[in-house]
Amino acid sequence: GSPRDIQLPFEESASSTEDTSSSCSEQQRCERIKELQERLAEVDKHTKEVRGLLSQLEELKDCRTQPIRKRLLELQKQRQVVEVQHQIASTPPKPQPPGPDVLKWVDSTWFITICNVV
């Protein structure tokens, strides 16, 4: 029993150091894998939350833009109607043929077509 022969709990003999270093590295590897799995689960949880938020925002955007899109379609239809009216108003009226109003049908497309057929 000299003080040199007493082995303290934190000291290891040469043979036991090799065994614990391999088991220690295996234990560290297992802890690291567990830590990474927890981080993956956390990232997956946050990803799910963000996707849900994105879905809610898209729904909100659709709800907010739908009335505006409807109004835009109405305005486009109004524009088409006004364009047609503008085109009609812009074309100069056909000059009146000479003669009485009773004979204006002679200048019509129907009369010309019938004459060409005959």
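R71 has a relative accessibility of 43%, so R71 counts as partly exposed; that class lies between buried, under 20% relative accessible area, and exposed, over 50%, computed with a 1.4 Å probe on protein chains only. Before I go on, the model is predicted, so local features need pLDDT of at least 70 and side-chain atom pairs count only at pLDDT 80 or more, while totals for chains, interfaces and linings use all residues. Residues are numbered from 1 along each chain as its sequence is written, and side-chain values use heavy atoms, with hydrogens and water left out.

Back to R71. Its side chain meets that of E74 in a salt bridge, at 3.6 Å from N to O. The term stands for a side-chain nitrogen of Lys or Arg within 4 Å of a carboxyl oxygen of Asp or Glu. By this rule there are five salt bridges. E74 is partly exposed as well, at 37%. Both E74 and R71 lie in helix α1, three residues apart, about one turn of the helix. Helices here are DSSP runs of H or I, at least four residues, numbered from the N terminus.

Next, E26 and R29. Their closest N and O atoms are 3.1 Å apart in a salt bridge. Helix α1 covers residues 14-90, and because E26 and R29 are three residues apart in it, about one helical turn separates them. E26 is partly exposed at 40% relative accessibility, and R29 is partly exposed at 47%.

Then R32 and E35, a salt bridge with 3.4 Å between the closest N and O atoms. R32 and E35 are three residues apart in helix α1, so the separation is about one helical turn. R32, at 41%, is partly exposed, and so is E35, at 36%.

Technical notes
Helix = DSSP H or I, 4+ residues; strand = E, 2+ residues; numbered from the N terminus.
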